[in-house]
Amino acid sequence: MGSPKRLIPLATALCALVAVAAGAAASLYSYTDEELAGEVQPIEFSHAVHATKLEIECLYCHTAADKGPHATIPAVSVCMGCHQWVKEGESPGSAEEIAKIASYYESGESIPWLRIYNLPEHVQFKHMRHVQAGVECQRCHGPIQEMNRVYMTPDTVTRNHSLWLPAAKLEMGWCMDCHLEMGAADDCTACHY
Amino acid sequence: MPELDRRNFLKIAGLSAGAVATAACKEPVEKVIPYLNQPEEIIPGIPTHYASVCRECPAGCGIDVKTREGRPIKVDGLPADPTNGGVLCLRGQASLMRTYDAARFPGPMKRGDDGALAPISWDDALTELSARLQPLVGTGKIAFLGGLQTGVTDSIVDGFMKAAGSSNRVRYEVFGYEALRTANEKLFGRAAVPHFALDRADVVVAFGTDFLETWLNPAQNARLWAEGRKGGKSYAAYVGPRLGLSGSNADQWIAPEPGTEILIAAALAREVARRKGVSLGAAGNAIAKHSIADVAKATGIEAAVIEKLAGRIASAKSPVALPPGNELQTVNASGFAAAVQLLNVASGAIGRTVLFGPDHNLSRLDRFEDVKALAGKLRGGEVAVLLVHGSNPVYSASQTGFQDAMKTKGLYTVSFASSNDETTALADLVLPDHTPYEAWGDVEAVVGVHNLQQPTIRPLFDTRQTGDVLLDLGTRLGAGPEGSVQQKLRDHWGESFDTALGAGGSFSRVADSPVSFSGNAGGLSFDAAPIEGKGDLTLLVYPSASFGDGRSARIAMLQEIPNPVTKTVWASYAELHPDTAASLGVGLGDVVRVTTDTGEVELAVFPSEAQRPGTVAISAGQGHIPVDPSIEGQDPLQRRGTIGVNALALLPGRLDSASGALAWLSTRASVAATGEKRLVARTQTTFDQEGRGFAQSTTLAALAGGGHGEGHASSEEHGGEHQETPRWASASHLETVDFDPSKDARDPDYRWGMSIDVDACTGCGACTVACAVENNTPSPGEEAVRKGREMHWLRIERYVEHHGGEIESRSLPMLCQHCGAAPCEAVCPVFATYHSPEGLNVMVYNRCIGTRYCGNNCPYKARRFNYWPYDWFIREPEHLALNPDVTVRSKGVMEKCTFCVQRINAAKDTASAEKRKVRDGEVVSACQQACPTGAIVFGNYKDPESRVSVLRREDRAYWILHHLNTRPAVTYLKQISRRDEA
């Protein structure tokens, strides 16, 4: 893992000003283990259980990933499709978590998931173009199928950055690396308009 | 160890500063909330289209509503609708904003003892109202005033009135075509409003007809007009004291003494009948006294001019004369309309270009005098409860004394308006209606054309559809039909309902039913109408293309659209001929007081050549009360204050006695300077091209003769008096040899470009509104426009050419030319604007640092700068109108036309999924889609067979400021002059 802690030897090699700067930068951008484990969501949903253990296809829930700009978070009715029957899993506490889905559904409220992957407003990203081009989900979302809570992988955070500076999440340079590698559009209007 | 370059060093240094300050900050947590049950037809991020019908005016155009995640974001014409045929006027384009108006009533309101409106529940409101109605059932003391309603919607009102036991129902529209209906009844025995087939006409004579602004169906008229004019066909003359949008598009302007226009029509009818040997019977005798010589004397128009026009009509294959619009509605409006129809009889137009049968359903309307009678009943205590829906008589029929009548003691008034207006401000109870985008309904604007209206958004406020409320009230009264509007529609349409809903309705072509000319004019007079009152000038009140009868004036986007003739925005102006202005000692921006016998207003002067000397013209539709009385002064975008003056209130209320119509052209006005001066907010400061050849023109003769050789390289001279070739164009060293826009892009497949036909463009502004809606451009308001800070990406420039004493207007849509060698790109210090491989001149908002160098260097003034954070001024729920596919720009960012790159990308998405290239015609820019005349074509120059490529090779093709070597991607096609060669 490209831990931000690697910054420290690097910073000492620089002049005093830069050392202070990088230290401060690290304090801003470093990720605690807790954060790496992902935000606490309203329901302890586990991709590891659904995608790896039960081998449910990504597109079963994220139905629009291959035909719309948004992969879409499944409607609560989709969860209920299975969970009106499946009321308990193997992991401890799963029954309580599953019960939450039903209570959301019955109350007529949707589930207020926290957004992990977020793009700025000036970026027009389209899932379908990527899925149709055969880009695997993991290319951007990391080992999503193994995650309990979803987090942005350090891989997506620091990869290919000179100085290994931890970059902001989903940075353009990181997008462009792949676009150039795959021979995809390199024009600004592909994403910005 | 990685290299530490300057850029990264600065990054770290910058971070450290930021980090110290914000070490504790984290990105804000956003939520992503899925559907509870996802509707099957919705894929988030992909638009869903619904067919419906526009209710902004009685024309009832079929519309295609583009929705995203359950909210309409764009409206266009429904191609299946045979009337508008896929196009929509600017008001229809902007009508969406009515739904997202922050000033709408949040729910039912009741006027308290203090005179202020306070919220009340629907249940309480309806209980109270039905309690008031109950004892009145059968007494005839319940009155309903509404606009034009047709189909099931109309029968629901009828059902309610039946339950209420009253026949006091008035259907009133400001544009009521009373005179035409009366004239047709007298001449042909049918009080109908026929179809005028402009597409078939080779000579059009309009008598003050605003066929491109409000008259009948302006979108349809424009479409047919362009069809008829294609390729230099058709000649048009306009008779009237002022050139509006319609008049500006005519080839000849005849401006008789105001009030005597009828004589021209009569003289033409008489002369054409004589030449063609058509007998006009007794009516012919009635106009026999109007010989050309006498009429010439009375009108001040040379006999030769009338004679020549008569000859033109007589020798035309299918001429049409258009009856007067409201602008020329005199106290003898019926006689005038009859004279025009006599001309149509004489020229053989009836049954050929004037088609009875597929009539406009306007003959169901009542007349202005009926509103006057209703006001009398209110005052006389004959009405105890008045229900007002879709009508604003206090504003538009102030001559009836409706304002005082509403205040009659013991009268209880209910308004169904969705936001405050003059009539609602006097109502005791407000039961806000859904906006048309939230409601069910149906329209049969033209016989045989049944449009279905379906909701495309869940109601944003606690409103109820008036039809449903009436059904509920009827039930409470114990006699009305039960159910809901939706149910009634379903019952009425039966099994075909679902199919019709998908198609937008059912459209059948009604065959023309021949009418026979009765041969007499039924006692109508063909004399000139008097212009009375104190003052030296004739007051011309003209219908506005943007505001209609005033109901669209609330929409900020339409206030931002320049008046097509004066190019002024956000205000009313007293338009005076420059000579008249000079004689009064006033000029541009001088505030004058315009006084008639009924009222006076103060407004700034706009000198305009497009009208007869001795007249003062003011646009109708402005001068509303503030929509929210609690807001003091004007808010940043001036949406709630009073804008301009209400010109209709200056009319003294004389009627055309035969038809009961209000005479708009009937009074004199005095104009006096006040000594004050106001800044004028306008988007264009000169109509002179100064020899730069922006809007070029050619003649049919030149096209026929010069098709070879020289081609489009130079433009011709007009009658030797005006040199149109740009002065610098002869500097051949500046000319780009073999200019080929497809070479200005390195992409192998695409070079996007556009073609604009100046001959087809009428200057209506539908494209500008479509662009603003599609691209989230703000309406920054009057103050901003005064400083030249309007934000439209696409504007219509108007240029005036002088031919002796005559003027010729040309409309020129101007937008970013996506130059192959763009001057803006070279000067951007941060590469925020650059040339894309597909030839687009791209603006990357998030790179822009706001130096405005690019705007400075653009010779087309196509770039717009966000001087203020206009996005901050968006109030809830206005933000729902934003197109999510286009970034909302913020303060300090430059923006401009993108050639609708979001639509290009959407087309590429489809093409890529189908593993093919984008086809010609697949990308349709918003302006192209809106253009009623098909003047705009978008496409790919790399495809030699694409429409843009073909048009580029036309003889009429030219490029604006081409000599600057900008290599523009927009090809303009010259206007074809149909003027007589001198």
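## Helices H5(B) and H17(B)

The crossing of H5(B) and H17(B) is left-handed. This is a predicted model. The axes of the two helices come within 9 Å and cross at roughly 25 degrees. Angles under 35 degrees count as roughly parallel, so H5(B) is roughly parallel to H17(B).

Several residues make the contact. From H5(B) come Thr153(B), Ile156(B), Val157(B), Gly159(B), Phe160(B) and Ala163(B). They meet Gly467(B), Leu470(B), Leu471(B), Leu473(B) and Gly474(B) of H17(B).

## Helix H18(B)

H18(B) covers residues 485-493 of chain B. Its buried residues are Val485(B), Lys488(B), Leu489(B) and Trp493(B). They span an arc of only 120 degrees around the axis, which puts them on the same side of H18(B).

What covers these buried residues? The cover includes helices H5 (151-163), H17 (466-476) and H19 (497-503) of chain B, along with strand E18 (441-446). After H18(B) comes Gly494(B), with a positive phi near 60 degrees.

## Helix H7(B)

H7(B) runs over residues 218-229, 12 residues in total. At 1.5 Å a residue it should span 16 Å, and its end C-alpha atoms are 16 Å apart, so the two values agree.

This helix is mostly covered, with 11 of its 12 residues buried. Among them are Pro218(B), Leu224(B), Trp225(B) and Arg229(B). The buried residues pack against strand E4 (71-77) and helix H2 (90-94) of chain B. Gly231(B) follows H7(B), and its phi is positive, near 70 degrees.

Key: Residues are numbered from 1 along each chain as its sequence is written. Chains are lettered from A and ligands numbered from 1 in the order in which they are written. This is a predicted model: local features need pLDDT of at least 70, side-chain atom pairs count only at pLDDT 80 or more; totals for chains, interfaces and linings use all residues. Helices (H or I, at least four residues) and strands (E, at least two) are DSSP runs, numbered from the N terminus. The expected span of a helix is 1.5 Å times one less than its number of residues. A residue is buried if 20 or more other C-beta atoms lie within 10 Å of its own, exposed if 12 or fewer, and partly exposed in between; C-beta atoms are placed from the backbone. Two residues are in contact if their C-beta atoms, placed from the backbone, lie within 7 Å. The arc is that of the directions from the helix axis to the C-beta atoms. Axes are lines fitted to C-alpha atoms, for helices over the stretch in contact, and angles run from 0 to 180 degrees between N-to-C directions. Angles under 35 degrees count as roughly parallel, over 145 as roughly antiparallel, 65 to 115 as roughly perpendicular and the rest as oblique. A crossing is left-handed if the near helix is turned anticlockwise from the far one by less than a right angle, and right-handed if clockwise.
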